[in-house]
Amino acid sequence: MASSCEEIMRLVTGQWVSRSLYVAAKLGVAEAVTGAPAKPVEIAYLAERVGAHEESLYRLLRALASVSVFAEVEDKKFDLTPLAMFLLPDNPMSLKNAIIMYGEETYKCWELLPKVLTTGNSTFTEALGMPHFDWYEAHPDASHNFSLSMKGLGRTLYSDSSIIEAMERDSLLLGPEQCVIVDVGGAYATLLSQILQGRNWLRGISYDLPGVTASAQKYAASIDPTISSRLNFISGDFFASVPPGNIFILKRIIHDWQDAQAEAILRNVAQALLPGGKVLIIETVIPKGNDFYFGKWLDVHMMTVTGGKERTEEEFSVLCHNAGLKYVALHKTSSVICIVEATKQTP
């Protein structure tokens, strides 16, 4: 059993692990292991393939192996582990893009965390020269990586399958014939396309910024025609308006914003919500108590990067009320994510 001193030092030096993971992902070490002609793979081969200094790469992988990312099977010969599989870009459960995002633009924001605590302001603009979403608009490669990050996280930590299972279990996808679902901030429509699969009474709209929609439409060519024929990509600004629909989905959108902006988005949703419709806000919902919950740390991340926040159930209820919506229920999923259900307030 680790001593208290060892435990606190593991927390203090946690950035050593996260930075090492970032470098391994950026270099493509996992891909080099997979592409090697024989396993386990000699460090000399890996260093040549990824363009790294051999001894330095060995020391990095030895350290990562101590936390079960890669395994030194024989002397200076490595293979993948279940955790290392998340670094492979062609793995359906890949987190490579997210690891790179957290290791690049958002890492620069975390370096300024002390200023957040003294000013109450997020740091993205100071760290990268312009506001969060403006920066992504100006950097299409990073924007594409960000979208792929959200896609990867949607398959893993914020599992789309767990969300859809909860929607089915609690009858949240029921609606009229030709029911229209609007995915606000839907990016590549990853969640929405899965919802449309096999549910022919549903029509979908993925609503996002013009730059995101342009990239998403290229990706849409790979979607099953039985789904893509019922899916539209519409660009716009959700602070100005949103297309009308019977069911609105906002997956990890509201947490980007402070209450005033979040209320503005939800107010536009309330105005566009067709009679009898519902709003499904998909976020982590912070529970009471001192137990570990990923959303508590994600809340600090949002505070630092965008100025947004994760919320409690009570805070979501107030937010909905102020935006002209009526809080209905909290639906838990099998992952860390929850579904907050709301409807339009009656006069």
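## Helix 11 and its cover

In this predicted model, the buried residues of helix 11 are covered by elements that include helix 6 (96-103), helix 10 (132-138), helix 12 (160-169), helix 13 (190-196), helix 14 (210-219) and strand 7 (245-251). The buried positions in helix 11 are Ala142, Ser143, Asn145, Ser147, Ser149, Lys151, Gly152, Leu153 and Gly154.

Helix 11 spans residues 140-155, 16 residues in total. From its first C-alpha to its last, helix 11 reaches 23 Å, close to the 22 Å expected at 1.5 Å a residue.

## Cysteines

The structure contains 0 disulfides. Cys179 takes part in no disulfide, and the nearest cysteine sulfur, that of Cys320, lies 19 Å away. Cys179 is buried, with a relative accessible area of 0%.

Cys338 is likewise in no disulfide. The nearest cysteine sulfur to that of Cys338 also belongs to Cys320, at 14 Å. Cys338 has 8% relative accessibility and counts as buried, because the cut-off for buried is under 20% relative accessible area.

Val12 counts as partly exposed, at 49% relative accessibility.

How values were computed:
Residues numbered from 1 in each chain as written. Predicted model: local features only at pLDDT ≥ 70, side-chain atom pairs only at ≥ 80, totals over all residues. Heavy atoms only, no water. Disulfide = S-S within 2.5 Å. Buried < 20%, exposed > 50% of the residue type's maximum accessible area, 1.4 Å probe, protein only. Helix = DSSP H or I, 4+ residues; strand = E, 2+ residues; numbered from the N terminus. Expected span 1.5 Å × (residues − 1). Contact = heavy atoms within 4.5 Å.
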